[in-house]
Amino acid sequence: MDTDNDNSLDRTDDFDNGDGKPEKMFTLKKWNAVAMWSWDVECDVCAICRVQVMDACLRCQSDNKRDVLGKQDCVVVWGECNHSFHFCCMSLWVKQNNRCPLCQQEWCVQRMGK
Amino acid sequence: MSLGPKEVNFNEVWGNIRETAKAVITLENVNREVWSNRFSDVYQLCVALPEPLADKLYFETKQFLENHVKNMLLSRVQFDSSKYNGEPHQGNFDLLQAYYDAWTEYSKGIGYINTLYSYLNQQHIKKQKISDTEFVYGSQSPNHQEQMEIGELGLDIWRTYMIQSLGDKLVKQILDGIKADRHGDPSITTQRAQVIHGVIHSFVQVQDYKQRSSLKLYQELFEIPMIIASGEHYRNEASKLFQTCTVSQFMEAIIVLQEEENRRAQRFLHSTSAVKLRKECEEAFVNEKLDFLYSECKDMVSQEKKKDLRNMYIILKPIPDNLKNILIQTFLDHIKNEGIETISILKGDNIHIQFVENMLKVHSKYHDLIVDVFENDPLFLSALDKACSSVINKRINEKQPCRSAELVAKYCDSLLKKAKTTETEIDSKLTASIIIFRYIEDKDIFQKFYSRMLAKRLIHEQSQSMDSEEAMINKLKQACGYEFTNKLHRMFTDISISVDQNNKFNNFLKDNDIDLGINISIKVLQAGAWPLGQAQNTPPLSIPAEFEKSISKFETFYHTSFSGRKLFWLHHLCNGELKLSYLKRIYLVTLQTFQMTILLLFEAAEKFTCKELQDNLQLSSDSFHKHVQSLIESKILLSSSSENFSDETVITLNMEYSNKRTKFRITAISQKETPQEVEHTMTAVDEDRKLYLQAAIVRILKSRKVLKHNALIQEILSQSKVMFTPSISMIKKCIESLIDKQYIERTPNSGDEYSYVA
């Protein structure tokens, strides 16, 4: 339990009542919310390096990219076919073969993760 | 006088030279003119016509020197010894002194003679000298009668006539002298010591000119008997001490004696002998009495008699490592026992604090001892490490895993949580805890616990200071590397980013003139980094209208900053502050989103059955009951049945609720670690270990192509050391499962060899 006994509270609320608005029984004052983000992908494993897209790709992991903030540089890229891969993996892939490894359609970037 | 070669009368010139040489060798005064004339006489003889007389001069000079030395021996050194039957202490005759005087005179004189003959030396003798290479490859027969430089010749003559005949007697007297000195005989004065020193060194100087084995004479004639005699003396002393002394007195006596012997060696002996003498001394006092020395070793260690241990260390330091083992092992066992004792008596709620702090006490106590007493000797430091690691990783019960990793993680947690300690104090305690952490074998278990506790601290804002949090992560990174702390770093970063994001979101609201009516703060975590279990498993919730607007605004805002991301709300981790205005006083309550949602329903009606509430919330009955229960326990809600809930149980708002405080928190259920959670952690760790090992095996074989079983095991053990120590059976299982999955295979010709399947 919080220890601070807030005496000023009653007065401020009296003031609120003076506004004449109908007082609700419960009023939400503050909300500390927690959410989790992940890439909006159909398959959460990159088909090229077989690592979860939320983690850095194999190459980046073994390079031990020591950016101090732990910020992820290894983002995800979506093709027109809606398949997604690590951007690092895909940029190496297209050098050999400009098709999506999953559906063989010509690779065309739809959007990049940020 | 012309310098050109001419005929000379050898006898006449030699007569002159001999006269001068005689004067020189007895250190009489020779005036400069005479000296210069003789100098050119030598030259004249060497270049004489019709043929040089150098060889003749050499021969005559040799004869002259031989006669001189023989004469000296008879008249000055040996003179009385026959009379006194070889007992030099009778009468006034003193062989050592006589020899010393003769030698001092002769060695000086021969030096001058050498200069006098320098033309002969330079032009005649140097030329016939065999070079080093010739000597090594043996192109000259070793018996070749070689002419020596006059100085060398003189020394050689001294050795042949003087030392050959007197050597043994001299050595005996020297040894008597040293013995007397050992017994503190006052007759060995500084002056006497100088005589003895001079005599001993004459054995060296007389062969100093030799390019190789110049110490041979000294060693054979004097050093060997000296070492033998000293050895006898030491053994006598040792057995005398052995009979009368305790170990600790014995050690003190040895140290004093070694000091004295060292000084004695410097006073009398050639510098190369000190080491040999010391060795003999160690042999007699230490190696041969090792059992005796060790007999009280255990007591000294267990009673921590620093002075004795220090002495013991000084004495044992120079001897080979394997002999020191008993001391080291005793020391190790002692630390281990003390360690086990201190951790076995732990009890109460704060075992984790006691565990770490007690272990640290033990560690620092013995670390200090090693610094003080054992000169920071790496052998002892590694014994300390071994002892600590065996205590810390000891399993009290074979079936249960070791709890140390968990305890250390908890200790860090308790430090990093809000408390009244200052940041510096926290920091120094955390630094100390790393000492214990390094000994933990199951570092992966520590990692699991630590990351869960870190997650709780960060989400519930329980950290005392974010700087301390970051500092600790960096300390762990230093100890275990980037991979170990990668996720911890990402968690930490998420929180820092969120602070920034909240500011931006508030600005966004202001700019767009949106009033959400509530004070909102949102943490966005990245999936995969946080140990929150499967996010999908968290119960879904029908979001109350109060939150919906905030959520949708935030999502809009979030998608303008980032793309390709989806958000998933973790309601079980959210909390909020609710103002209750229906009671006599106004209260501000902090509670979880679920509890809030339940309460908010009562805005519309006074009472609900459990079923109605549950339908509204769409929660699983299990978690629904927990949340309702917590509200009933805090007396904000009332239940019609005092025991278990059923669907028909009626829940009403307690209109009479009162609390001394106007601002309070309803603790969410189970923020504490439950036993199931611990067990869950352990199974998760086990799974991770298998994956880790399999990955390691594949990596190793991929780079080595083919590897023997034992080599593979070694490699795996060394790789996994940073994280944990796998059991051999676990490694074998992983190898089997990889063979089944056809990642690797046994090579056809050998049963214990594996190869990588491409």
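1. Leaving aside residues up to four places away in sequence, F446(B) touches A405(B), V408(B), A409(B), F437(B) and I440(B). Bear in mind that this is a predicted model.

2. Which residues touch the most other members of the largest nonpolar core? They are V408(B), C412(B), F446(B) and M491(B), in a core of 175 residues. Helix 7 of chain B, residues 150–182, gives this core its largest share, 11 residues. Domain 1 (10–133 + 144–214) and domain 2 (516–675) of chain B both contribute residues, so the core lies between them. As background, nonpolar side chains tend to be buried together in soluble globular proteins.

3. There is also a second, separate core. It has 13 residues, among them I697(B), L712(B), C734(B) and I744(B).

4. In chain B, 3 strands form an open sheet with antiparallel pairing, in the order 9-11-10.

5. V706(B) has S755(B), in strand 11 of chain B, as its bridge partner. Helix 28 of chain B, residues 709–720, lies across strand 9 and strand 11 of chain B. Its direction is at about 90° to strand 9 of chain B.

6. Now the contact between the chains. Chain A supplies 40 residues and chain B supplies 51 residues. On the side of chain B that touches chain A, the elements giving two or more residues include helix 22 (482–511), helix 23 (545–561) and helix 24 (593–601) of chain B. Strands of chain B are on that list too, including strand 2 (565–569) and strand 3 (575–580). Strand 1 of chain B gives the largest share of this side, 8 residues. By class, the side of chain B that touches chain A has 25 nonpolar, 14 polar and 12 charged residues.

7. Strand pairing also crosses between the chains. W37(A) stands opposite L567(B), which is in strand 2 of chain B.

Terms used. Residues numbered from 1 in each chain as written. Chains lettered and ligands numbered in written order. Predicted model: local features only at pLDDT ≥ 70, side-chain atom pairs only at ≥ 80, totals over all residues. Contact = placed C-beta atoms within 7 Å. Helix = DSSP H or I, 4+ residues; strand = E, 2+ residues; numbered from the N terminus. Nonpolar A, V, L, I, M, F, W, Y, C, P; charged D, E, K, R; others polar. Pairing = 2+ DSSP bridges. Axes fitted to C-alpha atoms, helices over the stretch in contact; angles between N-to-C directions. Core = buried A, V, L, I, M, F, W, Y, C linked by C-beta atoms within 7 Å. Buried ≥ 20, exposed ≤ 12 C-beta atoms within 10 Å, placed from the backbone. Domains from an automatic or database assignment.
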